[in-house]
Amino acid sequence: MTYNNLEISTEDKIGLITINRPKALNALNKETIEELSNAFGELESNEDIRVIILTGSGEKAFVAGADIKEFKDFDGKQGQQLAQVGQTILFNKIENLKKPVIAAVNGYALGGGLELAMSCHFRIASDNALLGLPEVTLGLIPGYGGTQRLPKLIGKGRAMQAIMTAEMFKAEKAEQIGLVNEVVALEELLPRAKKIASKIAFNSPVAISKAIEVINLSDSDKGFEAEINAFGELFDAEDFKEGTTAFLDKRKPNF
Ligand code: CO8
């Protein structure tokens with residue numbers, strides 16, 4: 001597939017998606033949302049790929065938000081549809097992808113950009129990153145899941161304050177409150193993301209897929225039961241036999 005607003009590369013079981021609209025600070029227009037949805041689908045079904053990294057092009061922005069120019073004249077119905085379609089085809093899709101997705105946040109992650117990073121399974125950031133949900137400065141609220149995912153990551157009180165004030169978190173603060181897992185120098189961001197991805201790629205993809213599914217249920221009352229069922233199912237999978245046999249043979253598993 002070819003993309004107007006994305007660059008895709010694959011190497012050593014890792015798929016790298018780079019959002020490439022640097023003149024608009026990688027803002028998410030409709031086309032980019034659709035392309036991202038397709039790109040995640042493509043990499044999810046690519047058997048050579050075990051882990052996906054998502055980043056933005058340039059040194060300034062991961063994604064500076066939804067494309068304000070595109071929705072500035074929308075009415076209520078169009079706004080609702082934009083949020084509904086985006087959440088369905090992209091943000092929820094990433095969260096529930098069968099393969100791990102790491103956000104490498106390389107600068108501004110604002111509005112829809114932070115919402116995109118939050119729908120990834122975890123985030124690392126460069127030391128120049130600034131993260132926030134400034135929608136109330138535009139007379140809006142987050143519409144791509146931000147009101148739901150931010151409280152889960154940083155707590156309800158902090159999320160309330162962040163959304164009401166529209167303040168941006170610097171990278172170190174974001175790490176301190178659990179919004180990102182690690183902060184590294186900008187030039188180290190992709191190497192570090194790839195290093196983490198390689199570590200994941202070495203482990204059982206079947207088990208990792210189940211872990212994503214069950215961890216995503218941790219806020220529901222179905223989580224414990226889902227864990228028991230998934231745990232049981234994994235005993236019947238090839239990877240379990242390979243993993244335990246490799247351990248007893250004192251060799252590395254080959255998943
Ligand atoms: N949309 C469209 N274009 C943008 C966006 C954006 N979100 N952000 C930046 N750009 C464009 C600018 O318009 C500018 O273009 P041009 O050169 O043609 O004027 C170019 O990118 C460079 O930007 P700046 O000149 O502003 O760069 P600065 O370094 O001065 O400032 C900032 C950088 C602080 C990031 C600034 O660009 C900014 O504040 N951007 C907007 C941030 C924002 O408010 N984001 C939230 C958008 S709303 C949103 O995401 C809602 C999500 C939920 C939607 C649900 C469906 C409705």
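Two residues are in contact when heavy atoms of each lie within 4.5 Å. The structure described here is a predicted model, in which local features need pLDDT of at least 70 and side-chain atom pairs count only at pLDDT 80 or more, while totals for chains, interfaces and linings use all residues. Residues are numbered from 1 along each chain as its sequence is written, and side-chain values use heavy atoms, with hydrogens and water left out.

**Arginine 149 and its helix**

Apart from neighbours within four places in sequence, arginine 149 is in contact with Phe91, Asn92, Glu95, Met118, Ser119 and Tyr144. Arginine 149 belongs to helix α5, residues 146-154. Helices (H or I, at least four residues) and strands (E, at least two) are DSSP runs, numbered from the N terminus. Is arginine 149 buried or exposed? Its relative accessibility is 8%, so it counts as buried. Buried means under 20% relative accessible area, exposed over 50%, and partly exposed in between, with a 1.4 Å probe and protein chains only.

**Helices α4 and α5**

Two packed helices are described by the angle between their axes and the distance between the axes. Axes are lines fitted to C-alpha atoms, for helices over the stretch in contact, and angles run from 0 to 180 degrees between N-to-C directions. The axes of α4 and α5 cross at roughly 55° and come within 10 Å. That angle makes α4 oblique to α5. Angles under 35 degrees count as roughly parallel, over 145 as roughly antiparallel, 65 to 115 as roughly perpendicular, and the rest as oblique. From α4, Glu115, Met118 and Ser119 meet Gly146, Arg149, Leu150 and Leu153 of α5. The residues of this contact divide into three nonpolar, two polar and two charged. Here Ala, Val, Leu, Ile, Met, Phe, Trp, Tyr, Cys and Pro count as nonpolar, Asp, Glu, Lys and Arg as charged, and the others, Gly among them, as polar.

**Helix α1**

In α1, the buried residues include Thr32, Ile33, Leu36 and Phe40. The buried residues of α1 pack against several elements, among them β1 (6-11), β3 (51-56) and α3 (76-95).

**Positive phi angles**

Aspartate 12 lies in the loop between β1 and β2, and lysine 250 lies in the segment after α11 (238-248). Each has a positive phi although it is not a glycine.

| Residue | Phi | Relative accessibility |
|---|---|---|
| Aspartate 12 | about 50° | 64%, exposed |
| Lysine 250 | about 55° | 78%, exposed |
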